[in-house]
Structure formats: C-alpha cells, structure tokens
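Work through the exercises below with the sequence and coordinates open. Each task is followed by a solution in steps.

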Amino acid sequence: MPPDGPDCWPPSDNRRQWLIFSNLDGLTLRGAGTIEGNGEEWWNLPCKPHRGPNGSTLHGPCDSPTLIRFFESSNLVVRGLRVENSPEFHFRFDGCSDVLVDGLFIRSPANSPNTDGIHVENTERVGIYNSKISNGDDCISIGTGSYDVDIQNVTCGPGHGISIGSLGVHNSQACVANVTVRNAVIRNSDNGLRIKTWQGGMGSVSGIAFDGVTMENVRNCIIIDQYYCQDKRCMNQSTAVHVTDVSYANVRGSYDVRSAPIHFACSDTVPCTNVTMAEVELLPFSGELVDDPYCWSAYGAQQTPTIPPVSCLQDGVPESLLDNPDLKCR
C-alpha cells in the first residue's frame with residue numbers, strides 16, 4: 001500500500017503516480033493478495049467534484065496519484081491482481097504496445113472521483129479480459145492514440161461504464177480506431193457504452209464494435225456525446241472529432257428511466273456517420289420510458305427492429321465530410 005493520503009506523501013515523490021514501470025519489454029506482473037490504494041484522503045481534497053455545493057469544486061491542490069502506471073513498454077502481461085481504493089486511476093497504460101490484461105479485480109466506492117479502472121492512451125494491440133471492475137468513474141477508458149483494443153468478458157459497475165474519450169480537449173487532434181467490446185456486463189452505472197468528445201477537436205474515432213453487452217439498471221445505456229463539457233460553460237465550436245463506423249449488436253437489458261436509453265448528440269458540422277444497430281433491446285428497470293431515443297446530426301441505420309425503436313438516424317453521408325483534412329488520422 002502507498003502512504004496514507006497527501007499529508008503522508010514524501011515531498012520528493014511525484015504526486016501523479018505511485019508505481020511506474022517504464023521502458024520495459026516482456027514484463028509480467030501477477031500475484032495474490034491485495035494492492036490497497038489508501039485513496040480516501042485523496043478523494044476528499046477540496047478540488048474533487050463532490051466536495052463543493054451542487055457538485056462544484058473548491059480551490060486547493062488536486063494532484064492525485066495513479067496507482068499503477070505502465071509507460072513506453074511492450075509485451076506486457078498483467079494478470080490476476082486485486083486492486084482497491086486507488087487515489088485516482090487504478091491502472092494506466094501510456095505509449096505501450098502488445099498488452100494483455102487478464103483476470104483483474106478492481107474495486108473502489110461508487111462516489112470515489114476519477115478512479116477509472118483501466119485507462120489506455122497512445123497504446124496499441126491491447127487485450128482486456130475476464131475482469132471485474134467497480135469504481136467511481138469509467139470502468140475502462142480509452143484515450144487518444146489507442147488502436148486495436150479488444151475487451152471481452154468484463155463486468156462493470158457501479159461506475160461510469162466503458163468510455164472512449166474524452167477526446168479533442170483544447171482543440172487537439174484525437175485518433176482512436178478498432179475497438180471491440182464483447183460479452184460484457186454493465187450494471188448500476190451512470191453510463192453504459194459511451195463515446196465522448198469535446199467541441200473544437202480534430203481527428204476521428206472509427207471501427208468501434210459493441211457486441212453482446214448486457215445492461216442492468218444503467219442510465220444512458222448507449223451514448224455518443226460530441227458536446228462533452230465538464231463545467232457547462234463550453235463555447236460552441238465548428239470543428240469536432242469525427243465519429244464513424246460504430247456498431248451496436250446484441251445489446252440487451254434494463255435502463256434507468258431518468259435518461260433516454262439511447263442518445264446520439266453529434267456535431268452540426270462533423271456529424272456521426274455509419275452508426276448501425278442490430279438486436280438492441282433495452283427495457284425500463286422500473287417505471288415507464290420517459291424519453292424516446294435522441295438523435296442529432298447522426299447518420300446510420302437500424303438493421304433490425306430495436307426496443308425502443310431508433311427511427312431518428314438519418315440516411316447517407318453528408319457532403320461536408322468528404323475530403324475534410326481535419327478528420328484524417330493515420
């Protein structure tokens with residue numbers, strides 16, 4: 001376990017990470033027992049989202065350590081670990097390649113802020129399998145520069161579901177491609193399958209497949225949000241990360257009726273394209289549906305009847321996207 005909170009953290013140590021494995025090839029990290037993150041004092045810093053009135057933040061230091069970070073490494077295996085109560089992200093992979101994550105148990109309270117289970121960024125050829133994650137933020141989050149990510153047999157919740165993004169912050173270019181989520185369970189979560197981008201970004205998210213996902217009492221089961229903003233004061237901008245070639249198949253279960261189960265809020269100038277849905281069946285966990293599925297600037301097709309029906313997807317591809325250099329990735 002790391003030192004117990006920010007007051008005990010050695011002044012000479014980096015407050016952004018605890019254990020870091022850097023510039024390695026062929027590392028395997030495995031073992032029994034528990035890695036205890038001692039995160040509670042970090043969660044209670046005044047700058048954390050739940051500390052101020054109405055979800056606001058207060059002034060004060062906010063650096064909090066990721067518990068275990070892998071940087072610029074290849075041929076990694078992380079297997080069979082139990083990790084709890086991280087101050088911030090539990091696992092983070094930056095600039096890595098050929099990563100196998102298997103059989104992890106990750107747990108933090110549902111109200112613990114910024115405690116993503118597994119975060120992947122600028123990393124390619126990743127497999128995340130047979131793991132259980134409950135926390136206060138994204139179960140798995142996929143950042144820019146991530147390619148060929150395969151997620152199977154993962155159980156999430158409570159938490160914020162499986163997220164691609166957020167992408168394109170501060171007008172940056174973001175590229176993510178070839179992400180597959182199969183045979184997953186998401187329960188008692190604020191989001192299910194989410195793609196989130198900031199206005200003003202560039203690049204693209206493409207080749208995303210969600211297949212065989214079960215939802216249990218999930219708010220925002222399926223969501224693409226190209227207007228992601230953390231403080232609700234973001235200005236409208238004319239560029240965006242292009243979201244294209246996204247498929248949802250065999251997604252079934254129950255949703256929290258406080259939000260529509262399907263929500264596609266896409267950019268006016270860079271619409272979402274080729275969004276397809278097949279064998280999607282989402283029913284209220286309790287009560288009755290309040291809102292129908294929502295689409296804005298979303299193009300695609302309902303390939304089979306869905307519950308609820310998604311009749312708001314538009315046909316074709318808008319001409320504004322043809323030969324747009326801001327949407328190019330590798």
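**Exercise 1: a strand pair**

Task: find which residue of β7 stands opposite I68.

Solution. In this predicted model, I68 faces F91 in β7. The strands concerned are β4, residues 66-71, and β7, residues 91-94, which pair in the parallel sense over four bridges.

**Exercise 2: H90**

Task: determine whether H90 is buried or exposed, and which side chain it joins in a polar contact.

Solution. Step one: H90 sits in the loop between β6 (82-84) and β7. Step two: its relative accessible area is 0%; the cut-off for buried is under 20%, so H90 is buried. Step three: the side chains of H90 and S108 make a polar contact of 2.8 Å. Step four: beyond its neighbours within four places in sequence, H90 is in contact with residues including L67, I68, V83, T115 and N135.

**Exercise 3: the whole chain**

Task: compare the radius of gyration with that of a compact globule.

Solution. For 330 residues, a compact globule would have a value near 20 Å; the protein has 19 Å, which agrees. Of the 330 residues, 53% count as buried.

Terms used
Residues are numbered from 1 along each chain as its sequence is written. This is a predicted model: local features need pLDDT of at least 70, side-chain atom pairs count only at pLDDT 80 or more; totals for chains, interfaces and linings use all residues. Side-chain values use heavy atoms; hydrogens and water are left out. Two strands pair if DSSP finds at least two bridges between them. Helices (H or I, at least four residues) and strands (E, at least two) are DSSP runs, numbered from the N terminus. Buried means under 20% relative accessible area, exposed over 50%, partly exposed in between (1.4 Å probe, protein chains only). A polar contact is a pair of N or O atoms within 3.5 Å; within protein, one must be able to donate a hydrogen and the other to accept it, and residues adjacent in sequence count only if both atoms are side-chain atoms. Contact means heavy atoms within 4.5 Å. The radius of gyration is taken over C-alpha atoms; the globule rule is 2.2 Å times the number of residues to the power 0.38.
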